[in-house]
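Visitor: Got a model open here. Can you walk me through a few spots?
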Amino acid sequence: MDEQTVGEGAYRRIRADILFGRLAPGQRLGLDAMRERYGTSVSTLRELLSRLSSEALVVAEGQRGFEVAPVSAEDFREVAALRLLLEEHALRDSFAAGGLEWEGRVVAAHHKLAALERALLAGEAAEPAQWKRYDWEFHHALISACGSRALLQAHVAVYDRYLRYQMVAVVFRGAVAAEEHQRLLDHALARDVAASQAVLRAHVDGCVDQVLAAGLLDPFTRPAAAEAPPRRRRAG
């Protein structure tokens, strides 16, 4: 396997570890330790971490090396606001252009998400990656007919930054979130743009408010977070 293929695989693994909180906010990314963990060279790691820095997932500290991007209440609100800006626009265009195939994608994506949410509400354990993959598939399906590749690409990048906050906080809003997803589905099939955008705003703002009100980011915003990452709870 060539270095380029190995490097791309390492990039995907590092990125996933950041998004799902396995590499904690503020954690120093020692190149020697990462070389062993991800099985690639130091020079390739530098390239990958610079790439992740351009995505706002890693911070380059000059001569000190790299660390996972920190989290803060202010940044979470900004990322959430940007997600809403992009997603509300994309919903409008997607509802206008979407046809029967689009409706099928939306219904199928919601079916999987709703099944997993019912399991979570029943107290069953769920793998966070699967939970958030289904959540992403549903929200992406809703906007998938918007007709703008650039808009969809921008939304992916912002959604992933928003996702990292959800994974760090391990937040599931229970029946409220499940009901909002059902309403988003109903409004999509009815092509009710204004109602869908209102539900989306409540959905995103509700998550941000719950995380911040409960102080779920506090353990990761203390100065010691980089040296002693707190133990994370399981989703659900």
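Visitor: Ground rules before we start?
Guide: This is a predicted model: local features need pLDDT of at least 70, side-chain atom pairs count only at pLDDT 80 or more, and totals for chains, interfaces and linings use all residues. Residues are numbered from 1 along each chain as its sequence is written, and side-chain values use heavy atoms, with hydrogens and water left out.

Visitor: Where does R173 sit?
Guide: R173 is in the loop between helix 7 (149–169) and helix 8 (175–189). Helices are DSSP runs of H or I, at least four residues, numbered from the N terminus.

Visitor: Is R173 buried or exposed?
Guide: Buried, because its relative accessibility is 14%. The cut-offs are under 20% for buried and over 50% for exposed, with a 1.4 Å probe and protein chains only.

Visitor: What does its side chain reach?
Guide: The R173 side chain makes a polar contact with the side chain of E180 at 3.0 Å. The R173 side chain also reaches the backbone oxygen of H203 at 3.3 Å. A polar contact is a pair of N or O atoms within 3.5 Å; within protein, one must be able to donate a hydrogen and the other to accept it, and residues adjacent in sequence count only if both atoms are side-chain atoms.

Visitor: New topic. Why does A125 count as exposed?
Guide: Because its relative accessibility is 68%. A125 is in the loop between helix 5 (100–121) and helix 6 (128–143).

Visitor: How far apart are the C-alpha atoms of A125 and L82?
Guide: They are separated by 31 Å, and the two residues are 43 apart along the chain.

Notes. Helix = DSSP H or I, 4+ residues; strand = E, 2+ residues; numbered from the N terminus.
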